[in-house]
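Please work through each task before reading its solution.

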Amino acid sequence: MDKKVELQVINITNSQAQVGAFAMLLGEVDGERQLPIIIGPAEAQATALYLKGVKTPRPLTHDLFITSLTILGASLIRVLIYKAKDGIFYSYIYLKKDEEIIRIDARTSDAVALAVRADCPILIYESILEQECLHMSSEERTRSEETDNDEVAEEEHDLPGATSRTLEEALEQAIKDENYELAAQIRDQINSRNKNQ
C-alpha cells in the first residue's frame, strides 16, 4: 500500500501559468518536497483570508459547509489527494458522523480550503508527491519560509524551489501546447534567473 504523506499550505501566489488563476504551494510536513497546485481566485481568496485570520461579514461557502457539518453532527477528519493527471489533482474529503466514515470526491482547492478550517490533515500518496513535487534544499526552505512567513504574497513571482530544469520542462510543454504567452513568461523567468547567477 502506498504510504501517505501530510502536507501543509505554505503560500498562495498569482499564477504565472494561467492568467486569473493562483498557485497554491503545499509543503511536506517535516520534509523538503513542495507541491504547486493551480486554483481559482475564489478558492485562493477563501483559503488566504482564513489563513490570515480575516473575518468576513458574512460566511463564505467553505465556512457554511463546515458550520453545516457541525450542526448535522459530522466532522471533516482528513483530505486525501489520491490522483494527479495532466496537471489536475483529484481529492477526497473524509467525513465522520457517529461511527460512520463518509468519503466524498472534491476539487483539491475546495478540499484544502475546508481542511484549513477544520484543522484536519491534508494527505497525499507518496508516489504522487514524488512524481509531482518540487525539491527544496534546507537552506532554500528556510529562506522561503522567512520570506513568505506563511502569508499570501501580493505580487507575482516564481514558485520557490522551481529548479532550472523544471522551468525548462515547463517551457517545452508550453511550446508543445502552443501556449506562447505562458512560454514567453517562463522564458523571461529563465532569462532573469540566468542574469542573477
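**Exercise 1: the surroundings of Arg-33**

The side chain of Arg-33 forms a polar contact of 2.8 Å with the side chain of Glu-28; a polar contact is a pair of N or O atoms within 3.5 Å, where, within protein, one must be able to donate a hydrogen and the other to accept it, and residues adjacent in sequence count only if both atoms are side-chain atoms. The model is predicted: local features need pLDDT of at least 70, side-chain atom pairs count only at pLDDT 80 or more, and totals for chains, interfaces and linings use all residues. Residues are numbered from 1 along each chain as its sequence is written, and side-chain values use heavy atoms, with hydrogens and water left out.

Solution. 
1. Arg-33 lies in strand S3 (residues 33-39); strands (E, at least two residues) are DSSP runs, numbered from the N terminus.
2. The C-alpha atoms of Arg-33 and Cys-133 are 5.9 Å apart, although 100 residues separate them along the chain.

**Exercise 2: strand S2**

Task: State how S2 pairs with S3.

Solution. 
1. S2 and S3 pair in the antiparallel sense over six bridges; pairing requires at least two DSSP bridges.
2. Leu-25 stands opposite Pro-36 in S3.
3. In the hairpin, four residues lie between the strands, and Asp-30 has a positive phi near 55°.
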